[in-house]
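Please read them with the structure open beside you.

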Protein chains: 2
Amino acid sequence: MPHAPRFTRIVADLPATVPFVGPEAHMRASGRRFRARLGANESVFGPAPGAIAAMRAAAAEAWMYGDSENHDLRSALAAHHGIDPANITLGEGIDGLLGNLVRLLVEPGDAVVTSAGAYPTFDYHVAGFGGVLHRVPFRDDHEDPEALIEAAAAVRARILYLSNPDNPMGSWHSAATIGAMIDNMPPGTLLLLDEAYCEFAPAGTIPPLTPEDPRVIRLRTFSKAHGLAGARVGYAIGTAPLIAAFDKVRNHFGISRISQAGALAALQDADWLAQVQKRVASARGRLAGIAEGHGLAALPSATNFVTMDCGRDGDFARAVLRGLMARDIFVRMPGVAPLDRCIRVSAGTPADLDAFADALPGALSDARDGR
Amino acid sequence: MPHAPRFTRIVADLPATVPFVGPEAHMRASGRRFRARLGANESVFGPAPGAIAAMRAAAAEAWMYGDSENHDLRSALAAHHGIDPANITLGEGIDGLLGNLVRLLVEPGDAVVTSAGAYPTFDYHVAGFGGVLHRVPFRDDHEDPEALIEAAAAVRARILYLSNPDNPMGSWHSAATIGAMIDNMPPGTLLLLDEAYCEFAPAGTIPPLTPEDPRVIRLRTFSKAHGLAGARVGYAIGTAPLIAAFDKVRNHFGISRISQAGALAALQDADWLAQVQKRVASARGRLAGIAEGHGLAALPSATNFVTMDCGRDGDFARAVLRGLMARDIFVRMPGVAPLDRCIRVSAGTPADLDAFADALPGALSDARDGR
């Protein structure tokens, strides 16, 4: 070997682990198909029919690069939210936006605050740019606003990450609590408010958009309620200077032209969204019933999933999860104690939930038998 | 304004300019539609019918994240090239791969070598990670292997960028020349061989793949010959350790599920590719004829575009370009002297080339009149 390239110091120190193993990888490993795909909080109800039609129509135009300014989609989002397009940037899902935001703000060694057990992909990007993560425990299965702010002030964090509603616990804070948090942000810390699940939250959860407030950036996605996880379209709402800075680093032609068309059509179908919200609410109710019928406590949820407290420790919940996966039910669970006493199950179709209900007793029984 | 977030030093110093203005942005500015879209070296002949069908079929499945390991596409590419999947990683077009490769290898202040007037998006990513670009002049409208290697050795470059066939000049080096270049790479420098246009090159241009050679990484794309620019699928072929390192930084779920399906189907349609190659060759011939009929020298091309020497300086070529754009013909041109005496015109349909032939005399006449 004449000479291998040298990686940067940050990269050389990064672990080779990945934030999530996808369901396809699990299926390749097991050699079997999942009966129910309830692990990634995808919307099993699918995208709006108009979005599917728009993507089909755009397929023949895929020889053209998408519009690098994402003009039509940004304009439609601006009109939808009653804000200026200069306050919106698009990215390859919230995951893509998280990477670029960290890159914009975090120098190697800079502090960043999040909750212990919050979104692993955010942590991945912070580590990836050499940031130093400070993790604040959840409190009663909620992210803890006061403790997060205190930590951000203490370590002079560049970013404070909070998801509302929360993933992986499904809990939420009121708009008033989040508003107070914004007002109490330490100077120099940006609140990164991940609102991937906002469409599932009860009224009074999501604070009004204040795009010119430099203390906060809001992240939204077409991956959850709009049923377009596979299209990779997320967006950020923030001050015009912060949004403009993304143009210095982003992959300008990075969003698929077909995805642009799909997201635009999805945004315009409010009826479909309302239907999805109704089906998700109904699925949450049924998931809670299944859980409680087997002695698990279903945590209240403002999302498209239900987190179920298995009532013992992380090893027990991991055994339950293994039992479900062995029965071809794809679910996930929080990675950190004490959240890891729970499993997390996405809203599914009635058939998906039948399959889950069918598999759960055996999984619990195996786990109780120490398998 | 209570407090705006502070950007990293690298970001604060970056210009707000973008690598390319897209055709949609031009059309929004002019308020008119282009008659011919010949500026971005897209494949106007479109993707294979099977790829369109596969993308249409995948549209309804867009609620699912794509496979984060891109397993099926990587396996198919590995089989296609007769190499191991561990030597292939996928990205959101070559642009996305370029960003991640620079991130893996370039520390702030590290030297990188490219040619003056080569791919602006590569330069954008090098600047974006704080690298220091050293630009070597083209020589007789070719990238200059000897001078590039000399520069890489002199500045201890981490990466040496070379496109073969070349964009924006359409020129090419033989596989033997590239092979000798690889053999002469200075220790510590990785040859980044951008082969976006390889499917259009004559036999003897593309060296055999040697994926376990640590001195080189090869970049390929579905954006050009496969007609899927809007799908955002590129791939890199390199040593297993270098390829594995991308997993430390990439957006794992970043490629659209629909695009994965489209690229897989495109790869399987060798007949379509052969047809596109034939049509491109024919369009190149006609473009050369049009150019020469108006006193412009058409440079030889191993790509899907023809670069035309307008015979005077950059100001003159820019005036020709303006005249074409004013006549609703989308074309681009090199940005740096002496390459900027040329305009660059993509292979088009017969109708596209009619429109170009129709617009060129007026554009030239305007330019000669100093308009």
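1. A:Asp328 sits in the loop between helix 12 (314–326) and strand 11 of chain A, where helices (H or I, at least four residues) and strands (E, at least two) are DSSP runs, numbered from the N terminus. Its phi is near 65°, a positive value in a residue other than glycine. A:Asp328 is partly exposed, with 17 other C-beta atoms within 10 Å; a residue is called buried if 20 or more other C-beta atoms lie within 10 Å of its own, exposed if 12 or fewer, and partly exposed in between, with C-beta atoms placed from the backbone.

2. This is a predicted model, in which local features need pLDDT of at least 70 and side-chain atom pairs count only at pLDDT 80 or more, while totals for chains, interfaces and linings use all residues. Residues are numbered from 1 along each chain as its sequence is written, and chains are lettered from A and ligands numbered from 1 in the order in which they are written.

3. A positive phi is also found at A:Asp140, where the value is near 55° in a residue other than glycine. A:Asp140 belongs to the loop between strand 4 (132–136) and helix 7 (145–155) of chain A, and A:Asp140 is exposed, with 7 other C-beta atoms within 10 Å.

4. Two cis peptide bonds deserve a look. One runs from A:Ala337 to A:Pro338, with omega near 0°, and A:Pro338 lies in the loop between strand 11 (329–330) and strand 12 (342–346) of chain A. The other runs from B:Asn167 to B:Pro168, with omega near 20°, and B:Pro168 is placed in the loop between strand 5 and helix 8 (175–183) of chain B.

5. Between the chains, 78 residues of chain A are in contact with 77 residues of chain B, contact meaning that the C-beta atoms, placed from the backbone, lie within 7 Å. Helix 5 of chain A gives the most to the side of chain A that touches chain B, with six residues. The residues of that side divide into 39 nonpolar, 22 polar and 17 charged, where Ala, Val, Leu, Ile, Met, Phe, Trp, Tyr, Cys and Pro count as nonpolar, Asp, Glu, Lys and Arg as charged, and the others, Gly among them, as polar. Leaving aside its neighbours within four places in sequence, B:Met55 is in contact with residues including A:Ala59, A:Ala62 and A:Ile258 of chain A, and B:Ile258, B:Ala261 and B:Gly262 of chain B.

6. In helix 4 (residues 71–81) of chain B, the buried residues are B:Leu73, B:Arg74 and B:Leu77. Seen down the helix axis, these residues fall within an arc of 100°, so they line one face of the helix; the arc is that of the directions from the helix axis to the C-beta atoms. Their cover includes strand 2 (88–91), strand 8 (234–237) and helix 10 (257–267) of chain B. Just after helix 4 of chain B, B:Gly82 takes a positive phi of about 65°.

7. Is strand 3 (residues 111–115) of chain B enclosed or open? Five of its five residues are buried, so strand 3 of chain B is largely enclosed by the rest of the structure. B:Ala111, B:Val113 and B:Ser115 point one way from the strand, and B:Val112 and B:Thr114 the other way. Five bridges join strand 3 of chain B to strand 4 (residues 132–136) of chain B, and the two run parallel; strands pair if DSSP finds at least two bridges between them.

Definitions and conventions. Two residues are in contact if their C-beta atoms, placed from the backbone, lie within 7 Å.
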